[in-house]
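Morning, everyone. Let's look at the pockets in this one. Here is the model.

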Amino acid sequence: MKEVFTMTRIKDVKIYKATSQISKSIADATHSISEIAFYVVEILTNRGTKGQGYLLSFHYSPRAIEGALRDLKTFILEKQYHIYETVKMKKEYEIETEYFGSVGIQRWAVSTFNIAMWDAWGHELNQPIWKILGGSNIKIPVYGSGGWLSYTDEELLEEVLDYKKRGFSAVKIKVGSKDIERDIQRIAKVRETVGTNIKIMMDANQGMDVPSAIELSRLASDMGIHWFEEPIAHDDFSGYEIIRSKTNVALAMGEREYDCTALKELIRRNALDLWQPDIIRIGGVEEWRNSAALAILNNIPVLPHYYKDYDVPLLTTISKPYGAESFDWIDEIIDNRMVIENGYACQRQGNGWGFRFKEKFLNEVNLEYLTK
């Protein structure tokens, strides 16, 4: 097996764009999103093994994202990395890109390749990622996410009812509209619709200030809000400390972080209840697990952001996994959607991450304009 690893190098890389079959315009407190789209990196080894990784791009900065992916593709092919050299690749590329900054879009590119390398490694070993990392074949609780501010009341209630009918025991909706009363009305309607046995969470996407976040927390607490995500700017550590000290609703954040700096500071201030690492921003599989270990060491549960297809397997590798966020956005464009039963996600049994994007939805990115 060792000889196989020493022979298995990345031979080629393809970069694709894919758009969700259910793509439509949506909005939260800080963003209007016109397209639900993704970039998919596919690596091919000299032994014929393939691995895929994807990032959620929406409609933002397509040429910048494509440029970052293309630059890293060139770097990786020149270095001829083995598929298991995920940490080495990240360290060396961050040295290479330090002059302009190794976080932001550069980190997104590194993480997407990291995930594709892990996928190829899993296929080479004929094992799921969760088995390679010592995880277990357990089910992970998931919550239904959405509740966009751009929804009509009918659309909002239709969505949460659909989650309830599918067995979800928790739903998250957006808050942070210009009128707090509007937020309260939406929460109240959701509570009335789903009943008392469904947990409701709210997410302001950093769209509020400290006083309004405190006011909303107090008004919503009687409706059984389970936790409040990103009420204010992610780097306003003192603000999180104030909100947590003056309300009884748990605080969640972490999806905007590229390292553990914010987590350490919020731990120091006793200002966080749930840690939400985003595997693409935080730096890939290893950095996701490092941040989770730090959170768990400080008795903060781990509840990752968005990428359930990667998060569910990784959550089985840590103690007391809290849960994962569930969207249906890629379900129709992959070959093996994740099975969710009664609010729990089942582990895929296939090799690597256990799914691939269907070829008919993959549009190879034309990068010729970047070399002209």
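Start with the lining of the largest pocket: 13 residues are nonpolar, 6 polar and 10 charged. Here nonpolar is Ala, Val, Leu, Ile, Met, Phe, Trp, Tyr, Cys and Pro; charged is Asp, Glu, Lys and Arg; the others, Gly among them, are polar.

A word on the source: this is a predicted model, where local features need pLDDT of at least 70, side-chain atom pairs count only at pLDDT 80 or more, and totals for chains, interfaces and linings use all residues. Residues are numbered from 1 along each chain as its sequence is written, and side-chain values use heavy atoms, with hydrogens and water left out.

What counts as a pocket? On a 1 Å grid over the protein atoms alone, it is an open set of points where a 1.4 Å probe fits, with protein on both sides within 12 Å along at least five of seven lines; lining residues have an atom within 4 Å of a point.

The largest pocket holds about 520 Å³ of space, the volume filled by probe spheres set on the points, which are joined across faces, edges and corners. Closest to its centre, among 29 lining residues, are Phe58, Tyr60, Trp108, Arg256 and Arg281.

Now the second largest pocket, at about 350 Å³. It has 16 lining residues, and Ile22, Lys24, Tyr151, Glu159 and Asp328 are the closest to its centre. Its lining divides into 8 nonpolar, 1 polar and 7 charged residues.

Where does the second largest pocket lie? Domain 1 (10-126 + 359-364) and domain 2 (131-346) both line it, so it lies between them. Those bounds come from an automatic or database domain assignment.
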